[in-house]
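I opened this notebook to record what I looked up in a structure that was new to me. The entries follow the order in which I consulted it.

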Amino acid sequence: MSFAIQGFLAGSGGAFASIFAKLAFSSDKDICPSGVASIYVCSLLRIVFILGMFASNSVMITFFTKSMHSSSSFHATVASTAFNFSISAIVSSFLFGELLPLQWWMGFCFITCGLSILCSNPFHVKKDE
């Protein structure tokens, strides 16, 4: 499996971990379906979201470590961070109705392009031995 796919899985794990954490620790009126007033249902949903957060963090750490073994830590970090940012933004806009301004998206594109250029640098500095 290539480091890009592993970086995608690591970034996805990190993004979904943050989404589960936001759901788990938001107020009861945000996580409980309308009309469901039972404290037990809300508590069960919180537990499910917390378990989802732990599972997603486990996926993130596993694939981030594998990505660092397949490539350099720099490449693994760039891939994981880029996918984490993009997935977090897309899912939060659909799930939570959070709209990010065009300036945020432009900044994200510039950062991702700049990091991609750094990763594809054909010039390697050799150490003097």
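I noted the conditions next. This is a predicted model, in which local features need pLDDT of at least 70 and side-chain atom pairs count only at pLDDT 80 or more, while totals for chains, interfaces and linings use all residues. Residues are numbered from 1 along each chain as its sequence is written, and side-chain values use heavy atoms, with hydrogens and water left out.

**Entry: the chain.** I looked up the secondary structure and found five helices and zero strands, in the order α-α-α-α-α from the N terminus. Helices (H or I, at least four residues) and strands (E, at least two) are DSSP runs, numbered from the N terminus. Of the 129 residues, 28% count as buried; buried means under 20% relative accessible area, exposed over 50%, and partly exposed in between (1.4 Å probe, protein chains only).

**Entry: helix α3.** I found that α3 covers residues 39–70, 32 residues in all, and reaches 46 Å from its first C-alpha to its last. This is close to the 46 Å expected at 1.5 Å a residue, the expected span being 1.5 Å times one less than the number of residues. Its buried residues are C42, F49, G52, M53, S56, F63 and S67.

**Entry: the core.** Which residues make up the largest nonpolar core? I listed seven: A15, I19, L23, A24, F49, I87 and V91. Helices α1 (3–24) and α4 each supply at least two residues of this core, and α1 gives the most, with four. A nonpolar core is a set of buried Ala, Val, Leu, Ile, Met, Phe, Trp, Tyr and Cys residues joined through side-chain atoms within 4.5 Å. Leaving aside neighbours within four places in sequence, I19 is in contact with V91, L95 and F96.

Entry: Is S86 buried or exposed? I found S86 in helix α4 (residues 73–95), and S86 counts as buried because its relative accessible area is 16%. A polar atom of its side chain lies 3.1 Å from the backbone oxygen of F83. W105 is in helix α5 (residues 102–119) and counts as partly exposed, at 28% relative accessibility. The C-alpha atoms of W105 and S86 are separated by 9.1 Å, with the two residues 19 apart along the chain. Beyond its neighbours within four places in sequence, W105 is in contact with A89, I90 and L100.

Methods. A polar contact is a pair of N or O atoms within 3.5 Å; within protein, one must be able to donate a hydrogen and the other to accept it, and residues adjacent in sequence count only if both atoms are side-chain atoms. Contact means heavy atoms within 4.5 Å.
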